[in-house]
Each structure stands twice: as structure tokens, then as C-alpha cells.
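Please open the model in a viewer and follow the stops below in order. Each stop names a selection and then describes what is found there.

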Amino acid sequence: MGPRTTNTLAKKRYLIVYTMVIVVSAQPTIIWLWFFWQSFYNLLFIFYLLFPFAFFVGIIILILSSIIVARIFLFFINLIHKPKEGVFLRDKNDKDYCYWSLRAVVKKWPTWLARQLSLPLLETLLFKILGIKTSFSNCLSEGWVDLEFIEMGKNVRIGQGSFVISNIIIKNKLIIKKVIIKDNVIIGAHAVVLPGTVIESNTILDAISMTTIDQHLERDSIYCGAPAKKDDELFIVKNEKEFEILIFEDDIKEKYDEENLRAHVKEMSVPFHFYVISGWIIIGASFILPSFFFFSFLFGVLTPNLLTTPLSFETLLNINIVLILIFTPLVLICIYLLHLFFVALFTKWFYKLTDKRGPEQGVFDRNLDETSTILDYYHFRSFLFKYPIFAFIRSPFPWLLNCELRFLHSNKIGKGTVFEDTFLHSHIDFGEKCYIGTFAHITNHVVDGVYGEENLTFFGAQIGNNCVFNASSGAFPGLEMDDNSTILPISATIKFDKLGKDGIYGGFPAKKLNADAIIKLLGGKNNEE
């Protein structure tokens, strides 16, 4: 977690700009590794001793250069079309929406790099260089924070899994509003701060709470709930002993039947070693051919034509050297994409095999005293789904996830549908132009009952066109969602729920909001004006 940027509307010309950011920002790192090779390759012991340090420095250089290059690109993009607050159509013909998407694409590469290393100092530097007003005294790495229209004071603490967002998609509208968080503010775990929110100093937003658009949180206060309300009646524990009695008092402890908690052993229809073999093939074997091409390029092209060539200013002006510097990042991108292709290919082989033997949709007995061949294949199919989704959605090219799901035939994905860093399962079908926000979770299964006697409900979901699942929203199995509907943050449906057309849904279980509730929660920003 940390800095957050969207994946939406990745047009081909935007991806060309994205590739340019990668190629340009990679040059200082290539030159640094070239310098290190020239300096120490003849001293093998020192070379191998210092290589981890040199590689780490190279990563730092890559992150810093990517941030600077992205800032330069953003400077020129903002000269052409200045970022502004407002309500815009989520349509490729709306200039503000298109340029918002382009800015997000440019920020994707440095954001992805900074999140991989997970150094709060670098992430704060990323915020500052890309235009966010913040302080090095803030702790922002545990939550998700947007990269524009955010202003923070000092000593701000963002809880794990929380969101500070300056934009939100509601039906066919994009709402962008500046968020201001002043000094000494604490935002609890899994809380959501919506666009336009102003939080005064010394204020706490409780865990699993959500502000409304344009909400003003008073100073020296505690707010909780969704929508957030000021808590005037606080339960204050005066001493530690009183707190311990409240939690650990014997007469409030729940009693459990030890038999129900005892582990039950059964023989699996899919042997354990099949998990290991398939996992090794999907993950390990997908690197074999890409590794061959990588080392062929390293020792067949880079070593004789670049690394063994003396580094000097005149050398950098040589046309052959310039071409190698430009094409090296492109070759590495192709090798990485080849790895992703083999991940999808090997997954498809195993997935096709297990999908024939796995269960159709329904409710199944999970009595652990009985062997269930069908459910074993269901669990194995779920296992197969994990790494491929992770490999694509957490890659620097998350837009390829749509291609992977179509290739696996596990889901139907309509044109223009966008997935953020989210949770995905098979048998969930999406219409066109859907938006699935960060940490949204649409599941195809749920376990009902007590341990040892539970049932597994396994049903997919049907999502219509232009539907939106915002950050930290969710849906249970069997959902049928009609066109042009939106689920708000911190909201979820129930099993076999049916959501009508053109609705905005919030809460748990998710209910359609009336006009007054929409105006109260969204500040009237969903109107058609």
C-alpha cells in the first residue's frame, strides 16, 4: 500500500507515453550498472561482494529517476490541460476525464516502483515531487493515498487499509475534489476519506468509517460510522486494570465445544503433490524461456557492445550505444511480458483440466468426515487462480489482467472494464465499462454453518454495463447487478442479491439510496446537471 493511482482508460497512446516514461527513467540505472561493471568486473571477488549494494543503489536511482521523469511529463501535460476539480463525465470524449486518466498512467510507473521497495521516505518523496503537500513526519505507507488534490499537515497517521481519495466514480460521473487534512490527525484502519473532506487538527476518524463528500470534521473530535458522525459520548477507561477486567472477565467468555474445534483429517482427491507440481510449473517454469532470453541478451548483446566499452562522454554520443540504451528497457519489458504469457498459458492448461472435474454452481456439503471429490477440485481450481491474478494485477502492466481472464475463459469481461488492485474469483462476469475499485471484493463462494457441519455456497455473479464497485466494497455469491449502478465504499451485498438499474447503493446489506440520502452522502454531486 502507499501512493494510489488508477488504472482507468489506458488508451494505446497513453501506454506509448507510459513506455516512454519507463525507457527514459531507466537510463541512469543502466549507466550506473555500466559504471559498476567497468570498475570492478576484473576484480571478481570485490565485484560479487559489492554487487548487492550496487544493485540496491541501482533500484534507488531507478525510483528517483522515474519520479523526476514522471514529474517532467506531468509538467508538459498540465500545460496542455490544467488539472481541475469538478464533476466530469466518465467518457473518452470528456477532456478532463481523459487527462485525469493520462496523469494516472504517467504516475503508474514511479508509484509501482516505490511500492515494491516499501521505504516510507521514498514514498513521501514521491508524494512531494508529484505535487502532494505533505510532511516527512507523516505515516502514510499503511493506507492508500491519491496523488493529486491532497494537502496534509504534520504528524498525520493513516491506518492500515484506509483510503484518502480525491476522486470517486459514481455511475457515469467522475468527481474530483481537494482533500485537506491538518496537523495531528489519525485515520483509523479501513476508513475512507472521500473527496472534498476537510479534517481539522487533532481529530480522529475511527476505523471502518467514511466521510461524505465535502464533509468538514471539527478539530479536537472523534468521528465514527459511515457516514461519519461526531462521537460526543466517549467511553473513557480510567486505568489499565479496569480495561483488563472489561475484556478478560470470566463470565463473558464464550464457551466452545472442544470437539468442534478438533482437526479432522481426510484424504484429498487431488493429491498434495499435485498442488506443488502445478505451482512450480506455473511460477517456476514460466521463467525458463524468459531467463534464456535474458542471459542471451546480457552476454550476447550488452556485455560485448556496452558493458565492456569504456564509459565516457564521447561513448554516450555514439549512435550504437544510444540505440542499445534505448532498446534495453524495451527488451526487458518484452522478456517480462513473455513471463506473464507463460504464467497465463500454464494456468490455462491446469484450469481447463480442473474446470471439467470441478463443481457447477450450487450449495455443497463440506462435512470434513466425508471425502468430496468435487469440492477438492473446486479448492484446487481456486489455488490455481491465485498467483496468475497476483502476477498480472500487481505488475507494472495491470491493464493486461482483462486479457488474461479472457484467455483463461474463467470470466467474461466486457470492453472498457477496469480493475484496480482488487480481489478476483472465477465465474464473475462483467459487462462493458465497469469499474472495480481498489480492495473491492466480489466473491463466488461463502461458507455457512459451524465448523465440521458447514455448507459451501458457490455461485458466480452477473454484473451489467457501466457498473461501479468503489474502494473497499464487496458482493456475496449470486449477485445480479443491472446496468449503470454503483456500490459505494464500505458497502456490500448479501447472497443472491439483485440490484436494479440506475441505482446508488450503500451500507450492509447494500440498499438503494433515495434522493435525500444521496444528497447527504455525496453532497449532491451525482445530479445530472
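Select Asp-502 to begin: with a relative accessible area of 37%, this residue is partly exposed, a class that lies between buried (under 20% relative accessible area) and exposed (over 50%), computed with a 1.4 Å probe and protein chains only. Asp-502 sits in the loop between strand E29 (498-499) and strand E30, and its phi is near 60°, a positive value in a residue other than glycine. Helices (H or I, at least four residues) and strands (E, at least two) are DSSP runs, numbered from the N terminus.

The model is predicted: local features need pLDDT of at least 70, side-chain atom pairs count only at pLDDT 80 or more, and totals for chains, interfaces and linings use all residues. Residues are numbered from 1 along each chain as its sequence is written, and side-chain values use heavy atoms, with hydrogens and water left out.

Next, select Pro-509, in the loop between strand E30 (504-506) and strand E31 (511-512). The peptide bond that joins Phe-508 to Pro-509 is cis, with omega near -5°.

Move to Asn-484, in the loop between strand E27 (480-481) and strand E28 (486-487). Phi of Asn-484 is near 60°, a positive value in a residue other than glycine. Is Asn-484 buried or exposed? Its relative accessibility is 17%, so Asn-484 counts as buried.

Now select Pro-227, in the loop between strand E15 (222-224) and strand E16 (229-230). Here the peptide bond from Ala-226 to Pro-227 is cis, with omega near 5°.

The next stop is a pair of helices. Display helix H1 (residues 12-40) together with helix H8 (residues 288-307): their axes come within 11 Å and cross at roughly 75°. H1 is therefore roughly perpendicular to H8. Axes are lines fitted to C-alpha atoms, for helices over the stretch in contact, and angles run from 0 to 180 degrees between N-to-C directions; those from 65 to 115 degrees count as roughly perpendicular. On the H1 side, the contact (heavy atoms within 4.5 Å) is made by Ile-30, Trp-34, Trp-37 and Gln-38, and on the H8 side by Thr-303, Leu-306 and Leu-307.

Within H8, select Thr-303. At 14% relative accessibility, Thr-303 counts as buried. Which residues touch Thr-303, leaving aside its neighbours within four places in sequence? Trp-37, Leu-298 and Thr-308 are in contact with Thr-303. The C-alpha atoms of Thr-303 and Trp-34 are separated by 9.5 Å, although the two residues are 269 residues apart along the chain.

Turn to helix H4 (residues 120-129), where Leu-122, Glu-123, Thr-124, Leu-126 and Phe-127 are buried. Just after H4, Gly-131 takes a positive phi of about 110°.

For the surface, select Ile-68, Ile-72, Phe-75, Phe-76, Leu-79 and Ile-80, which make a nonpolar patch of about 650 Å². One of these, Ile-68, lies in helix H2 (residues 44-80) and counts as partly exposed at 45% relative accessibility.

Finally, return to the whole chain, which has 13 helices and 31 strands. Of its 529 residues, 49% count as buried. Among contacts between residues at least 6 apart in sequence, 52% join residues at least 24 apart.

Notes:
Patch = residues over 30% accessible without salt bridge, like charges linked within 9 Å, V, L, I, M, F, W, Y side chains within 5 Å. Areas by Shrake-Rupley, 256 points an atom, 1.4 Å probe, with all protein chains shown as cover. Salt bridge = Lys/Arg side-chain N within 4 Å of Asp/Glu carboxyl O. Parallel < 35°, antiparallel > 145°, perpendicular 65-115°, else oblique.
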